[in-house]
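Reader: I would like to go through this structure feature by feature. Please give the general idea each time, then the case at hand.

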Amino acid sequence: FWLKVSQTQAQCWLSTCEAHSSRAMPSKRRNNGRSKHGRGHTAIVRCSNCARCVPKDKAIKRFQVRNMVDASSQRDIREASVYSTFMLPKLYMKMIYCVSCAIHGRVVRVRNKVLRASPEGRIYKPAGKGGGKGEGK
């Protein structure tokens, strides 16, 4: 049944395919959401939040520096310490997020087309706490 295609129908179909293939698909981002320029394949990493497999160049990476103990315990340790200038060590963690977790956890924000293209939009500025319409918990 599929062999019964006339010559004109086949030529018409081929011409439409050629017309579509010559047209480039629109690209949302200049780098297509990745930073693998020229590399065919990159390593896979796991998201710190949901353990999803993400290409290393596509993952959103943030370096998180936290105190090992909370503020009240830190004060108690400082008072009980023999050394006056004792500094408690910090906890250094490299957090790797998939795109959906980074957006959900407000690590990155959705930007409009103008901001994505402009140099000001490419510089990451974390938004202040308490912004937005919601009251929060």
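Author: Start with burial: a residue is buried under 20% relative accessible area, exposed over 50%, and partly exposed in between, with a 1.4 Å probe and protein chains only. By that rule D57 is buried, at 12% relative accessibility, while R34 is partly exposed, at 24%. This is a predicted model, where local features need pLDDT of at least 70 and side-chain atom pairs count only at pLDDT 80 or more, whereas totals for chains, interfaces and linings use all residues. Residues are numbered from 1 along each chain as its sequence is written, and side-chain values use heavy atoms, with hydrogens and water left out.

Reader: What share of the 137 residues is buried?

Author: Buried residues make up 15% of them.

Reader: How many helices and strands does the protein have?

Author: Both are DSSP runs numbered from the N terminus: helices are H or I with at least four residues, strands are E with at least two. Here there are five helices and four strands, in the sequence order α-β-β-β-α-β-α-α-α.

Reader: What share of the contacts with a separation of 6 or more joins residues 24 or more positions apart?

Author: A contact means heavy atoms within 4.5 Å. The share is 56%.

Reader: Which side chains meet in a salt bridge?

Author: Side chains of opposite charge can pair when their charged atoms come close. The rule asks for a side-chain nitrogen of Lys or Arg within 4 Å of a carboxyl oxygen of Asp or Glu. The count is one salt bridge, and it pairs R34 with D57 at 2.9 Å, N to O. R34 lies in the loop between α1 (7–22) and β1 (44–46) and D57 in the loop between β2 and β3, so the pair ties together parts that are 23 residues apart in sequence.

Reader: Which residues form the nonpolar patch on the surface?

Author: Patch residues have over 30% relative accessible area and no salt bridge; like charges are joined within 9 Å, and nonpolar side chains (Val, Leu, Ile, Met, Phe, Trp, Tyr) within 5 Å. Accessible areas come from the Shrake-Rupley method with a 1.4 Å probe, and for residues only the protein chains shown count as cover. The nonpolar patch consists of I77, V82, Y83 and F86, with about 460 Å² of accessible area together. Y83 sits in the loop between α2 (71–80) and β4 (90–97) and is exposed, at 61% relative accessible area.
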